[in-house]
Amino acid sequence: MTDQMQHITLAGRPTGAPGPEHFKLETKDVPTPGAGEILVRVHYMSLDPYMRGRMDDGKSYAAPVPIGGTMEGGSVGEVIASNSDHFKAGDFAFGPFGWATHAVADEKMCRKVDPANGPITASLGVLGMPGFTGWYGLMEYGRPKAGETLVVAAATGPVGSMVGQVAKSLGLKTVGIAGGADKCKMAVEVFGFDACIDHRAYEDARSLRAALKEACGGGIDIYFENVGGKVLEAVMPLMKPHGRIPVCGMISWYNAGGLGAGAAAQMAAPQIWRPILVNFLSVNGFIISNHWGDFPKFLAEIGPKVASGDIKVVEDIAQGLENAPSAFMGLLTGKNVGKQIVKLI
């Protein structure tokens, strides 16, 4: 076992979109696990939009990454040393190991991953936090019913594709929104959406709304919110009475800083609040880390569907820790196709 590791630290807090100068690749000694901890050699790490918020120092649901601290995130790899009764050397584990080749974590923050059950990358996407986010938000707050119409943006991403596939299996009409003709084709042909609209083909919310209205027909029952911006503005006037809007993210505003606090206002408050009032809408924000108690239920329901191929999976895998910053910057502008992962080994 090598005694040196690499990790990527936060070199500075971005104003607007992050650039290469905000990340630094460093080498240090491999840490030693303490009581109840495991040391993991990371094979794959996840890149997710929420990480942009951790680069800011504004108040949020989680503490920001300190300057000089390792960029945070979930990863999966092999246990190479253990002071845990639940993990032994040779096991594979998912945990909060961050942007690093090696990391130590408390056993309580990790879970075993069995390679015999399928690719270990699934723990980062379809059977991990993103897939769980889509499933939980739809089922708990979307309250889907057969015959209804659902709209979700970033339709080919790990959250949006889970939302669309589960909704379709329950008998809903599913309309995706994605960036580019190729992604829209994938949404329909791979993930089974009834229709998908390329938001890049429309200059403003009004023209996007017209396309959505045609695709949805009688309006929208469920809008799964994960992007904000122009899409939200297009959707709101199309919501049906008693519609539901689960809110798990707003990626289009993250580069404004402060989890969107610096974004220029696109909709005035009356344009948002009036549809909520007069259409009796239910709008529920949620952070998936507050709901891990339901994760076993999610795995029991969705795991077999992934294994059987009923739930389709698309992964975008970058090579090498040194390429994580560029892959992450691309993720924030929609350059990834499917779940963004970085392969370290």
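A residue is called buried when its relative accessible area is under 20%, exposed when that area is over 50%, and partly exposed in between, with a 1.4 Å probe and protein chains only. The model is predicted, so local features need pLDDT of at least 70 and side-chain atom pairs count only at pLDDT 80 or more, while totals for chains, interfaces and linings use all residues. Residues are numbered from 1 along each chain as its sequence is written, and side-chain values use heavy atoms, with hydrogens and water left out.

Side chains of opposite charge can pair when their charged atoms come close. A salt bridge is taken here as a side-chain nitrogen of Lys or Arg within 4 Å of a carboxyl oxygen of Asp or Glu, and the structure holds nine of them. One of these joins Arg-52 to Asp-56, with 2.8 Å from N to O; Arg-52 is buried, since its relative accessibility is 0%, and Asp-56 also counts as buried at 7%.

Another salt bridge pairs Asp-91 with Lys-112, whose closest N and O atoms lie 3.8 Å apart. This pair connects distant parts of the chain, 21 residues apart, because Asp-91 sits in the loop between β4 (75-82) and β5 (92-95) whereas Lys-112 belongs to strand β7 (residues 111-112), where helices (H or I, at least four residues) and strands (E, at least two) are DSSP runs numbered from the N terminus. Asp-91 is buried, with a relative accessibility of 11%, but Lys-112 is exposed at 51%.

In the salt bridge between Asp-194 and Lys-168, the closest N and O atoms are 2.6 Å apart. Here too distant parts of the chain are linked, with Asp-194 in the loop between α4 (181-189) and β10 (195-198) and Lys-168 in helix α3 (residues 158-169), 26 residues apart. Asp-194 is partly exposed at 38% relative accessibility, and Lys-168 is partly exposed at 35%. Through salt bridges that share partners, Lys-88, Asp-91 and Lys-112 form one network.

We turn now to the helices. The axes of helix α2 (residues 129-142) and helix α9 (residues 295-308) come within 10 Å and cross at roughly 90°, which makes α2 and α9 roughly perpendicular, a term that covers angles of 65 to 115 degrees. Gly-131, Phe-132 and Trp-135 of α2 make the contact with Phe-295, Lys-297, Phe-298, Glu-301 and Ile-302 of α9, contact meaning heavy atoms within 4.5 Å.

Methods:
Axes fitted to C-alpha atoms, helices over the stretch in contact; angles between N-to-C directions. Parallel < 35°, antiparallel > 145°, perpendicular 65-115°, else oblique.
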